[in-house]
Amino acid sequence: MKEKHIDINENNNSIRCRIMTETDSRTFEKAVVVTHGFGSSKDVANTTKFAEKYLSKNKDAVVFAFDWPCHGQDGKKKLELSDCMDYMTLVVHYLRDNYGVKDIYNYSVSFGGYLTLKYIAEIENPFTKIALRAPGIHMYELMLKNVGEENMGKVEKGKDVEVGFERKMKIDKTLLEDLQKSDVTKYEYFDYADSMIVIHGTADEMVPFDDSKTFCENNVIEFVPVEGADHAFRNPKMMDTAIHTIIEWFA
């Protein structure tokens, strides 16, 4: 597998991107956009694993991962949903303009899954097929847990607070209000149901399993439970199951 890193510099944004291919071709029939979860980055091992397995069967494809704002190597310090939407738009345009891609697929995890659902409901759906793993369906509630009770008092007073794991980012009341407004359970996804699949581990300790199950039932979306899998799918066999399911779905 060949890999290179580029930046998409446009509209005062600098999106840090990771491009994985099997060939040196300058054009590709299809692309898979891979987006990561909250506090993660484009460089996680599971993205590499997916790319290796997907590209071994799809030589005419490019796997394209990028850092969400305030994550990984991204330069922004304060998380805003509008920036996240801009990043997705710029990535989709880049793939079409630079690689001549006809079909764009989306594989997104957790926070990335939430942002993908927000994007297709509020902006457009440029994706031929979508696979979401443990998506943050109720992202507002999940973010409240990340902020914590101690910090909520500061947020209510209009102050920024820092949250995150290895890397900290600033979050404010506006972000929480935007998450509340963009509640993906308020939208209907029937028009996209045939092109979407949701995978979720039954032992997920961060994002409730039942959130995905109910969301899929309400929107007639195919739901694939993975027995015993935690949020990160740390068990390699369970991760292999998820990746295999996604690759078959995209095929």
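Which residues of strand 4 point one way, and which the other way? Select strand 4 and look: Ala61, Val63 and Ala65 point one way, while Val62, Phe64 and Phe66 point the other way, and all are buried.

A few ground rules before moving on. This is a predicted model, where local features need pLDDT of at least 70 and side-chain atom pairs count only at pLDDT 80 or more, while totals for chains, interfaces and linings use all residues. Residues are numbered from 1 along each chain as its sequence is written, and side-chain values use heavy atoms, with hydrogens and water left out. Helices (H or I, at least four residues) and strands (E, at least two) are DSSP runs, numbered from the N terminus. Buried means under 20% relative accessible area, exposed over 50%, and partly exposed in between (1.4 Å probe, protein chains only).

**Stop one: around strand 4**

Keep strand 4 (residues 61-66) selected: six of the six residues are buried, so the strand is largely enclosed by the rest of the structure. From strand 3 the chain crosses through helix 1 (residues 45-57) to strand 4, a right-handed β-α-β crossover. Right-handed here says that, with the strands pointing away from the viewer, the path from the first strand over the helix to the second runs clockwise.

**Stop two: strand 9**

Next, select strand 9 (residues 196-201), where six of six residues are buried. Met196, Val198 and His200 point one way, and Ile197, Ile199 and Gly201 the other way. Strand 6 (residues 130-133) runs parallel to strand 9, joined by four bridges, and Ala131 has Ile197 as its bridge partner. Strand 10 (residues 222-226) is also parallel to strand 9, with five bridges; there, Ile197 partners Glu222. Helix 7 (residues 209-219) carries the chain from strand 9 to strand 10 in a right-handed β-α-β crossover.

Where do the buried residues of helix 4 lie? Select Met139, Leu142, Met143 and Val147, the buried residues of helix 4 (residues 139-147). Seen down the helix axis, they fall within an arc of 145° (taken from the directions from the axis to the C-beta atoms), so they line one face of the helix. Their cover includes helix 3 (111-122), helix 5 (149-156) and helix 6 (173-181). Just after helix 4, Gly148 takes a positive phi of about 85°.

Zoom in on Met143, which along with Leu79 has the most contacts inside the largest nonpolar core, a set of 62 residues. A nonpolar core is a set of buried Ala, Val, Leu, Ile, Met, Phe, Trp, Tyr and Cys residues joined through side-chain atoms within 4.5 Å. Helix 2 (residues 81-99) gives this core its largest share, 11 residues. Apart from this core lies another, of 28 residues, among them Val32, Leu55, Ala131 and Trp249.

**Last stop: Leu176**

Finish on Leu176, in helix 6, which is buried at a relative accessible area of 5%. Leaving out residues up to four places away in sequence, Leu176 touches Tyr140, Met143, Leu144, Met152 and Val155, where contact means heavy atoms within 4.5 Å.

Note on methods
Pairing = 2+ DSSP bridges.
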